[in-house]
Amino acid sequence: IFERAGLAVKARGVGPMFQFCFSKMPIVNYRDAAAHLNSPKYAALARALHERGILVHPSNIELWFVSTVHTDEDIESTLQAFEDAVAATRSTLLRGGGV
């Protein structure tokens, strides 16, 4: 979804726990990640997701989780809401271009 929107994002995590940062550079340690935490870009995306019924922490300092209780329908509806939220906030997410 991010790639199709032309957004530079780096995701990292283990198994079903992950987080992402708006960055062109790899995130390999805390110092790399710290520059992108509590970002206005992430906050804008989180607000757009909340408006679409997807509740995420408003700061990207927290991880996202995928669980076995999530059904295929849950995942599909989340991905659709995510795609809509990215499209709605794309101009904000593109500002600054990332690090």
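What percentage of the contacts in the chain with a separation of 6 or more comes from residues 24 or more positions apart? Such residues account for 53% of those contacts, where contact means heavy atoms within 4.5 Å.

This is a predicted model, in which local features need pLDDT of at least 70 and side-chain atom pairs count only at pLDDT 80 or more, while totals for chains, interfaces and linings use all residues. Residues are numbered from 1 along each chain as its sequence is written, and side-chain values use heavy atoms, with hydrogens and water left out.

**Overall form**

The chain contains 3 helices and 3 strands, arranged along the sequence in the pattern β-β-α-α-β-α; here helices (H or I, at least four residues) and strands (E, at least two) are DSSP runs, numbered from the N terminus. A compact globule of 99 residues would have a radius of gyration near 13 Å, and the chain agrees with this because its own value is 13 Å; the radius is taken over C-alpha atoms, and the globule rule is 2.2 Å times the number of residues to the power 0.38. Along its principal axes, the C-alpha trace spans about 35 × 30 × 20 Å.

**Surface and core**

Of the 99 residues, 32% count as buried, a word that means under 20% relative accessible area, whereas exposed means over 50% and partly exposed lies in between (1.4 Å probe, protein chains only). The chain exposes about 6,300 Å², of which carbon and sulfur atoms supply 57%; accessible areas come from the Shrake-Rupley method with a 1.4 Å probe, and for residues only the protein chains shown count as cover.

In soluble globular proteins, nonpolar side chains tend to be buried together. The largest nonpolar core of this chain has 19 residues, and those touching the most other members are Phe2, Phe20, Phe22, Leu45, Leu49, Phe82 and Val86. Helix 2 (40-51) and helix 3 (72-94) each supply at least two residues of this core. A nonpolar core is a set of buried Ala, Val, Leu, Ile, Met, Phe, Trp, Tyr and Cys residues joined through side-chain atoms within 4.5 Å.

Leaving aside neighbours within four places in sequence, Leu49 is in contact with Ile54, Val56, Trp64, Ala81, Phe82 and Ala85. With residues up to four places away again not counted, Ile54 touches Leu49, Thr78 and Ala81.

| Residue | Relative accessibility | Class |
|---|---|---|
| Ile54 | 15% | buried |
| Asp84 | 35% | partly exposed |
| Asn38 | 53% | exposed |

Ile54 lies in the loop between helix 2 and strand 3 (64-65), and its C-alpha atom is separated by 9.9 Å from that of Ala85, which is 31 residues apart from Ile54 along the chain. Asp84 belongs to helix 3; although Asp84 and Phe2 are 82 residues apart in sequence, they are 11 Å apart in space, C-alpha to C-alpha. Asn38 is placed in the loop between helix 1 (30-34) and helix 2, and Asn38 has a positive phi of about 55° although it is not a glycine.
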